[in-house]
Amino acid sequence: MDAVVDNLDAYRQGFVTTLALTVLASVLALALGTLLAAMRVSPVPTLRGAGTAYVEIVRNTPLTVVFFFAVFVLPQLDIGLSFFAFAVIAVTVYHAAFFCEAVRSGINAVGVGQAEAARSIGLTFTQSLGLVILPQALRTVVPPLINVVIALTKNTSIAAAFGVVELTAVGTRLANANADAVLAVLAGVAGCYLLLTLPSGWLAGRLERRVAVAR
Amino acid sequence: MSEAVLYDAVGPRGRRRVVAGSVVGVLLVAAVLGVAAARMAANGGFEADLWRVLTRGDLQRLLARGLAATLRAALLAMTLSMAVGALLAIGRLSRRRWLAGPVGAWVELFRGLPLLLLILFVFLGLPALGVTVSTFWALVVGLTLYNSAVIGEIFRAGILSLPKGQTEAAYAIGLRRGQALRIILLPQAVRRMLPALVSQLVTLLKDTSLGFVIGYAELLRSGRTAVEFLGGRYSIPIYTAIAVIYIAVNGSLSFLARWLDRYTRRRYGRTVQPSVADEAA
């Protein structure tokens, strides 16, 4: 226990880094993912193809491999950034595909009649998507989006292997320094993650039930 | 809703706009790729010998061994996860509250933790308790702890998705709860959750790459070893090759999952849909 209490400061720093990585990457990935989803339902075949190709390639690639490309290949192209920035790029690129799929499934869940009605009163694609479909899709799409953010939070742990000193990296460092308290140290890290994931999961479940009742 | 409902078939003017937009889009992408290519070329990224490294027999054998190690870990972890997941699902569906409660808490706990942390728990924690554990088993046990919880939920969703009449009919002909589950519910549930299980296998396969972190010589670690041996400039061809291998293997499995999903829905009506979030983690 002492190993945890003595290093509260290190935990706090790791927690803040994890949180910063999560928030930054979530915002960027949500923006990119929504754009990709709009591309995938658009009337322009090239955009549809590009969106589909992105999602299919990324969702079949491990996040670790995406990290490899960010951390080892980008410097080969003379792009030098901090490890934290590389981590944000890798996590964003990877999760944008899943945000896209979550948004798209929300769009598909809106009744066909809504889109038909929107078109029949003469709305264009952008208008029917922006004024009719997306506002309705938003309510069903929020719980899955929260779940993707939870997955993203957990996946930021992989940044530990690529030079970012977030929670998991703090955990391994403290575990190596306190060989007699490895389990306590790691349990502390687990507690920090649960502090982020469990309340969000509970919130997602609650919203999901409310939307399910409303339908 | 199919996406085509969102817009009318484009007329001649629309088609011209689409073509113009596509040309601009393609040019934009080409410009970005061009800049990347110019930078690569400046660093010798297109020299033939750089990519010819992929034809080296020893590199190919190294990557093949890595792929075999990846598949071995993934298949063992998948088998164990399905066995443990089935037990967790039955436990959580039990009417005995002293069983269902703790099992539910266990599932939520392990779904809420990063997989890498679970692997580190096994890899660093067990030796601290005096149990020696190889990198292979640390990876497999870590993967099983996480995936059994996810697969348990898929099993549970499969059983809960069946119409209530199935259980009632089973009870009506005098089957006990366990018998109803085994003889009536499970066979139908398995059919419904097979596509979701295949998608989970894709996720699990991707996650074996975390073995890289603890030093298990799977595909990615083998590639890293090769780059460390040959030099950093070979990172582009070798990591590209590794990405292509992952995409080929996982892409075929994803295709199989989608085909199974369509087939099952057409013949039997319903399937358990894998959650997007589970595919990400």
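A residue is called buried if 20 or more other C-beta atoms lie within 10 Å of its own, exposed if 12 or fewer do, and partly exposed in between, with C-beta atoms placed from the backbone. By this criterion Leu197(B) is buried, because 21 other C-beta atoms lie within 10 Å. The structure is a predicted model, in which local features need pLDDT of at least 70, side-chain atom pairs count only at pLDDT 80 or more, and totals for chains, interfaces and linings use all residues. Residues are numbered from 1 along each chain as its sequence is written, while chains are lettered from A and ligands numbered from 1 in the order in which they are written.

Secondary structure was assigned from DSSP runs numbered from the N terminus, a helix being a run of H or I of at least four residues and a strand a run of E of at least two. Chain A contains nine helices and zero strands. In chain B there are 12 helices, again with zero strands. The C-alpha trace of chain A spans about 70 × 45 × 25 Å along its principal axes, and that of chain B about 75 × 70 × 30 Å. Of the 215 residues of chain A, 49% are buried; in chain B, buried residues make up 38% of the 281 residues.

The radius of gyration, taken over C-alpha atoms, was set against a globule rule of 2.2 Å times the number of residues to the power 0.38. For chain B the value is 24 Å, whereas a compact globule of 281 residues would have one near 19 Å. Two residues are taken to be in contact if their C-beta atoms, placed from the backbone, lie within 7 Å. Among contacts with a separation of 6 or more, residues 24 or more positions apart account for 76% in chain A. The corresponding share in chain B is 75%.

Two packed helices are described by the angle between their axes and the distance between the axes. Here the axes are lines fitted to C-alpha atoms, for helices over the stretch in contact, and angles run from 0 to 180 degrees between N-to-C directions. Angles under 35 degrees count as roughly parallel, over 145 as roughly antiparallel, 65 to 115 as roughly perpendicular and the rest as oblique. Residue classes were assigned as follows: Ala, Val, Leu, Ile, Met, Phe, Trp, Tyr, Cys and Pro are nonpolar, Asp, Glu, Lys and Arg are charged, and the others, Gly among them, are polar.

In chain A, helix H4 (residues 63-73) packs against helix H5 (residues 83-109) at an angle of about 135°, and their axes are 9 Å apart. This angle makes H4(A) oblique to H5(A). The crossing of H4(A) past H5(A) is right-handed, a term used if the near helix is turned clockwise from the far one by less than a right angle, anticlockwise being left-handed. H4(A) contributes Leu63(A), Val66(A), Phe67(A), Ala70(A) and Val71(A) to the contact, and H5(A) contributes Phe86(A), Ile89(A), Ala90(A), Val93(A) and Tyr94(A). These residues comprise 10 nonpolar, no polar and no charged.

A second pair in chain A consists of helix H2 (residues 8-41) and helix H8 (residues 167-177), which meet at an angle of about 150° with axes 7 Å apart. H2(A) and H8(A) are therefore roughly antiparallel. Their contact involves Ala10(A), Tyr11(A), Gly14(A), Phe15(A) and Thr18(A) of H2(A), together with Leu167(A), Ala169(A), Val170(A) and Leu174(A) of H8(A). By class, seven residues of this contact are nonpolar, two are polar and none is charged.

Between the chains, 50 residues of chain B are in contact with 62 residues of chain A. On the side of chain B that touches chain A, at least two residues each come from helices H1 (12-42), H5 (115-128), H8 (177-207), H9 (211-214), H11 (235-268) and H12 (276-280). H11(B) gives the most, with 10 residues. This side of chain B has 32 nonpolar, 13 polar and five charged residues.

Two residues of chain B were examined individually. Leu197(B) is located in helix H8 of chain B. Apart from neighbours within four places in sequence, Leu197(B) is in contact with Ile151(B) and Ile154(B). Leu197(B) and Ala257(B) are 60 residues apart in sequence, and their C-alpha atoms are 8.2 Å apart in space. Leu219(B) belongs to helix H10 (residues 219-230) of chain B. Leu219(B) counts as buried because it has 29 C-beta neighbours inside 10 Å. Residues up to four places away in sequence excluded, Leu219(B) touches Leu63(B), Gly66(B), Leu67(B), Thr70(B), Ile242(B) and Ile245(B).
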